[in-house]
Amino acid sequence: MKRILITGAGGQIGSWLAPRLRDLYGAANVLVTDVRHLGPEVTEAGPFQVLDATDASAVAQAVMGHQADTVYHLAAILSATGENDPGLAWRVNMSSLEAVLEVAREQACAVFTPSSIGAFGPDTPKDPTPQDTIMRPATMYGITKVAGELLCDYYHTRYGVDTRGVRFPGLISYGAPPGGGTTDWAVDIFYKASSAGRYTCFLGPESQLDMMYMPDAIDALVGIMEADPERLVHRNAFNVTAMQLTPTSLAAEIQKHIPDFEIDYDVDPVRQSIADSWPDRIDDSAAREEWDWSPSFDAAAMTVDMLEHLTN
Ligand code: NAD
Ligand code: AKB
């Protein structure tokens, strides 16, 4: 049975991933960690530890103490927060990844690290965005993501560490709120639609971005880590997507269930310029070919499920 440690597990992804991994591999085998204390639904369901992932010796001690053979490294600063404090984004995203990769090298652990559509930049072909293409991001978040992809590749080729990862699009979920990203509008819109019947969007009406519903993202996380290594050519930065949304198209989907729902716009120039520098549609055929990636939720199915959970 795997012995797993998750960093940054209190966030949008970790709050879904931790229970899934505890179900799959046994609660006692999954050490959940975050830089802050988490609620009893996490801390009482299995082992939990407050852990600053930028503290390399604390990370090493936690991995060795738990005898972990696999690390899901989720601790990070996201795009919009990263543009407000680029130094913080660089320090947290790079120091924590280096700490995790070093202990993985010493202890022969497998490592999952999520990259992002934020790794692409304004010079990248936008539709479709190929798996292997120009990577010149315009944000500090994107710079840390490209550097992280390369560092993970390096630890695999140089030291034989079993590093794997995907480039996630914007993730949509209920539960833990999103943590300061450019795609947060696609989550906020559901909360405001179900509570107030209207939403003011910080991106313009036709800003198109790739998105994915969280249950598919969790399947991707488990799927890539369970994939046959012989089939993996890309390893650390697989494009994965499930749908392409604009504020206009998602509002129309919500209006099928809440006919009076209204959307208006108060565009935030910082997040708009980040969104404008990202792809409109990424090509995820490498993930489909190399580890049978296939999402279950399109925009219609995701909207039904989100509204059902939020109104209940
Ligand atoms: P989030 O902001 O919701 O959660 C991040 C967690 O990391 C938080 O619980 C925070 O407390 C913790 N954290 C911050 N600094 C830390 C530190 N020094 N040590 C330990 N923990 C720390 O982020 P998320 O949405 O869950 O994203 C997780 C990963 O997935 C990130 O690498 C992110 O870039 C990537 N990703 C997310 C999305 C998305 O839409 N959510 C899309 C693409 C990639
Ligand atoms: C963000 O908007 O920063 C994240 C991401 C797509 O990486 N949701």
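Two strands count as paired here if DSSP finds at least two bridges between them. Keep that in mind for the sheet. One caution before I go on: this is a predicted model.

So, the sheet. Six strands, open, in the order β3-β2-β1-β4-β5-β7. The pairing is parallel. At the edges sit β3, residues 48-50, and β7, residues 163-164. Each of those pairs on one side only.

Take one pair in detail. Strand β1 covers residues 4-7, and β2 covers residues 30-34. They run parallel, joined by 3 bridges. In one of these strands, β2, V30 is the bridge partner of I4.

Now the domains. Domain 1 is 4-169 plus 214-239. Domain 2 takes three segments: 170-211, 242-280 and 297-311. Their centres, over C-alpha atoms, are 25 Å apart.

How much area is buried between domain 1 and domain 2? About 2,100 Å², with 61% of that from carbon and sulfur atoms. On the domain 1 side, Q12, K126 and P169 lose the most area to domain 2. Together they give 30% of what that side buries.

Next, contacts. 27 residues of domain 1 touch 24 residues of domain 2. What about polar links? Between the two domains I count 12 residue pairs in polar contact, both residues at pLDDT 80 or more. Salt bridges between them: 0.

Which helices of domain 1 each supply at least two residues to the side that touches domain 2? α1 (14-25), α4 (79-84) and α8 (214-226). By residue class, that side of domain 1 has 13 nonpolar, 10 polar and 4 charged.

Key:
Residues are numbered from 1 along each chain as its sequence is written. Chains are lettered from A and ligands numbered from 1 in the order in which they are written. This is a predicted model: local features need pLDDT of at least 70, side-chain atom pairs count only at pLDDT 80 or more; totals for chains, interfaces and linings use all residues. Side-chain values use heavy atoms; hydrogens and water are left out. Domain bounds come from an automatic or database domain assignment. Contact means heavy atoms within 4.5 Å. Buried area is the accessible area (1.4 Å probe) that two parts lose on being put together, summed over both. A salt bridge is a side-chain nitrogen of Lys or Arg within 4 Å of a carboxyl oxygen of Asp or Glu. A polar contact is a pair of N or O atoms within 3.5 Å; within protein, one must be able to donate a hydrogen and the other to accept it, and residues adjacent in sequence count only if both atoms are side-chain atoms. Helices (H or I, at least four residues) and strands (E, at least two) are DSSP runs, numbered from the N terminus. Ala, Val, Leu, Ile, Met, Phe, Trp, Tyr, Cys and Pro count as nonpolar, Asp, Glu, Lys and Arg as charged, and the others, Gly among them, as polar.
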